[in-house]
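Please open the model in your viewer, with the sequence panel alongside, and follow the selections below in order.

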Amino acid sequence: MIQKPSAAFVGASWFALAAGAIGYLIGLWRATMELNEKGYYFTVLMFGLFAVVSLQKSVRDRLEGLPVTDIYYGICWFATLLSILLLVVGLWNATILPSEKGFYAFAFLLSLFGGIAVQKNIRDTQDVAKAN
């Protein structure tokens, strides 16, 4: 039985994605870093969001019996973990306050969680529409 996600969960998912991504981006906008550093952190965020959405889709496809190659599945996991590692390395070497490092880390992780949840909700909603 396919169940449509509740409006509360859909709203909370979009809120988590928006709060994490917008907070992260506002932090970058207001930061006193060099432009190349800002570009690095922006690219890591976009890479991470793409990686987790792709990972969520490939995991879901496998659960539903849709073909997903082992290499693509592995690349999705690798890209997700690499985006997190790139953020950690960047923040470890950054010359910013520890509180700023924590802010970026948590905003990044909230964005990734929101991206996964939004992708799941979209997929669930489409599955319900197909079933009807």
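The tour goes from the whole chain to one pair of helices and then to a group of charged side chains.

**Before selecting anything**

This is a predicted model, in which local features need pLDDT of at least 70 and side-chain atom pairs count only at pLDDT 80 or more, while totals for chains, interfaces and linings use all residues. Residues are numbered from 1 along each chain as its sequence is written, and side-chain values use heavy atoms, with hydrogens and water left out.

**Stop 1: the whole chain**

Show the protein chain as a cartoon, where the secondary structure comes to 4 helices and 0 strands, in the pattern α-α-α-α when read along the sequence. Helices (H or I, at least four residues) and strands (E, at least two) are DSSP runs, numbered from the N terminus. Taken along the principal axes, the box filled by the C-alpha atoms is roughly 55 × 35 × 20 Å. Of the 132 residues in the protein chain, 38% are buried; here buried means under 20% relative accessible area, exposed means over 50%, and partly exposed lies in between, with a 1.4 Å probe and protein chains only. If you display contacts (heavy atoms within 4.5 Å), then among those between residues at least 6 apart in sequence, 74% join residues at least 24 apart.

**Stop 2: helices H1 and H2**

Two packed helices are described by the angle between their axes and the distance between the axes. Select residues 7-30, which form helix H1, and residues 35-63, which form helix H2; their axes come within 10 Å and cross at roughly 165°. The axes are lines fitted to C-alpha atoms, for helices over the stretch in contact, and the angles run from 0 to 180 degrees between N-to-C directions. H1 and H2 are therefore roughly antiparallel to each other, given that angles under 35 degrees count as roughly parallel, over 145 as roughly antiparallel, 65 to 115 as roughly perpendicular and the rest as oblique.

Now show side chains for Leu-17, Tyr-24, Leu-25, Leu-28 and Trp-29 in H1, which meet Lys-38, Tyr-41, Phe-42, Leu-45 and Leu-49 in H2. By class, this contact of H1 with H2 has 9 nonpolar, no polar and 1 charged residues, where Ala, Val, Leu, Ile, Met, Phe, Trp, Tyr, Cys and Pro count as nonpolar, Asp, Glu, Lys and Arg as charged, and the others, Gly among them, as polar.

**Stop 3**

How many salt bridges does a search of the whole structure find? The search finds 8, a salt bridge being a side-chain nitrogen of Lys or Arg within 4 Å of a carboxyl oxygen of Asp or Glu.

Select Arg-60, which counts as buried at 14% relative accessibility, together with Glu-64, which counts as partly exposed at 38%. Their side chains meet in a salt bridge of 2.8 Å, N to O. Arg-60 also forms a salt bridge with Asp-127, the closest N and O atoms being 3.1 Å apart. This second pair links distant parts of the chain, with Asp-127 in helix H4 (residues 98-131) and Arg-60 in helix H2, 67 residues apart. Asp-127 is buried, with a relative accessible area of 12%, and, leaving aside neighbours within four places in sequence, Asp-127 is in contact with Ile-2, Arg-60 and Glu-64.

**Stop 4: Arg-123 and Asp-61**

Next select Arg-123 and Asp-61, whose side chains meet in a salt bridge of 2.4 Å, N to O. This pair also links distant parts of the chain, Arg-123 lying in helix H4 and Asp-61 in helix H2, 62 residues apart. Is Arg-123 buried or exposed? At 9% relative accessibility, Arg-123 counts as buried, and Asp-61 counts as buried at 8%. Salt bridges that share partners join Lys-57, Arg-60, Asp-61, Glu-64, Lys-120, Arg-123, Asp-124 and Asp-127 into one network. Leaving aside neighbours within four places in sequence, Arg-123 is in contact with Lys-57, Arg-60, Asp-61, Glu-64 and Leu-66.

**Stop 5: Lys-57**

Finally, select Lys-57, which lies in helix H2 and is partly exposed, with a relative accessible area of 40%. Not counting residues up to four places away in sequence, Lys-57 touches Gln-119 and Arg-123.
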